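Please examine the sequence and the structure shown below. This report concerns salt bridges between side chains.

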Amino acid sequence: MPKFTRPNALADTPTHYCPGCTHGVIHRLVAEVIDEMDIMNTTIGVLPVGCAVFGYNYFNFDGVQASHGRAPAVATGVKRAKPDRLVFTYQGDGDLAAIGTAEIVHAAARGENITTIFVNNTIYGMTGGQMAPTTLPGQKTQTSPFGRDTEKVGFPIRVCEMLSTLDGVAYAERVSVHDAKHINAAKKAIKKAFEIQMRGEGFSIIELLSTCPTNWGLTPPASLEWLKENMLPYYPLGVYKEKQELTKGASK
């Protein structure tokens, strides 16, 4: 029987994440893929401000700290200076889709040969639970206590759908980590994105639907159900672009 062990690429240290937060699951998936590809010594992660700000402490490979939203710009510089390295950004929805919108759009449009791991939990996590660009219509947050009013603040941004229209994007897929089946699918997507980068095919992004029990005001089990019932209908899973072929979110 196989033994369940910690991946070599994952540091043996406690994380600061809240109970039930799925950042830990995503960290493990990234580490497992890096182990399987045997690229730990040639991988560089770029982590900006947000819940994953201390992520460089949790991995056993090189990490670079970026200012809030600027991870794609930093990763661009790293990859151009070290083209033989696997370079990825690890970003939340507030970071990527708000202050970092310009950086992610233009890195994707240029076809930078980097990978973005995009964690979408529909809320600002680290700073106290404010409404984010991905907050669902009607969703209550600290800054939308009566629910997101789309007439006043607009609609959520669907990042995979938006970026998949850009010619520089080689691969864009949305996955989820709310149960074992989808966690396995998420790992396959991350591995495919890294392989695409290693082949030099251009920009790739994996959007992972994630939970935030603390700021959602739910228990960890309830937050998984909330994701399933509320996020999946608004953010359909699937491949949105692969090798220049738009598939418009064909579900797995």
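The model is predicted: local features need pLDDT of at least 70, side-chain atom pairs count only at pLDDT 80 or more, and totals for chains, interfaces and linings use all residues. Residues are numbered from 1 along each chain as its sequence is written, and side-chain values use heavy atoms, with hydrogens and water left out.

A salt bridge is a side-chain nitrogen of Lys or Arg within 4 Å of a carboxyl oxygen of Asp or Glu. By this rule, the model holds twelve salt bridges. Three of them are listed here.

| Pair | N to O distance |
|---|---|
| E36 and K191 | 3.4 Å |
| R70 and E103 | 3.2 Å |
| E112 and R80 | 2.5 Å |

E36 and K191 form a salt bridge. This pair joins helix α1 (residues 23–37), which holds E36, to helix α7 (residues 180–198), which holds K191, across 155 residues. Helices (H or I, at least four residues) and strands (E, at least two) are DSSP runs, numbered from the N terminus. A network of salt bridges links R28, E32, E36, K187 and K191.

Buried means under 20% relative accessible area, exposed over 50%, and partly exposed in between (1.4 Å probe, protein chains only). E36 is partly exposed at 44%, and K191 is partly exposed at 27%.

E112 and R80 also meet in a salt bridge. E112 lies in the loop between α4 and β4 (115–120) and R80 in helix α2, 32 residues apart. E112 is buried at 7%, whereas R80 is exposed at 59%.
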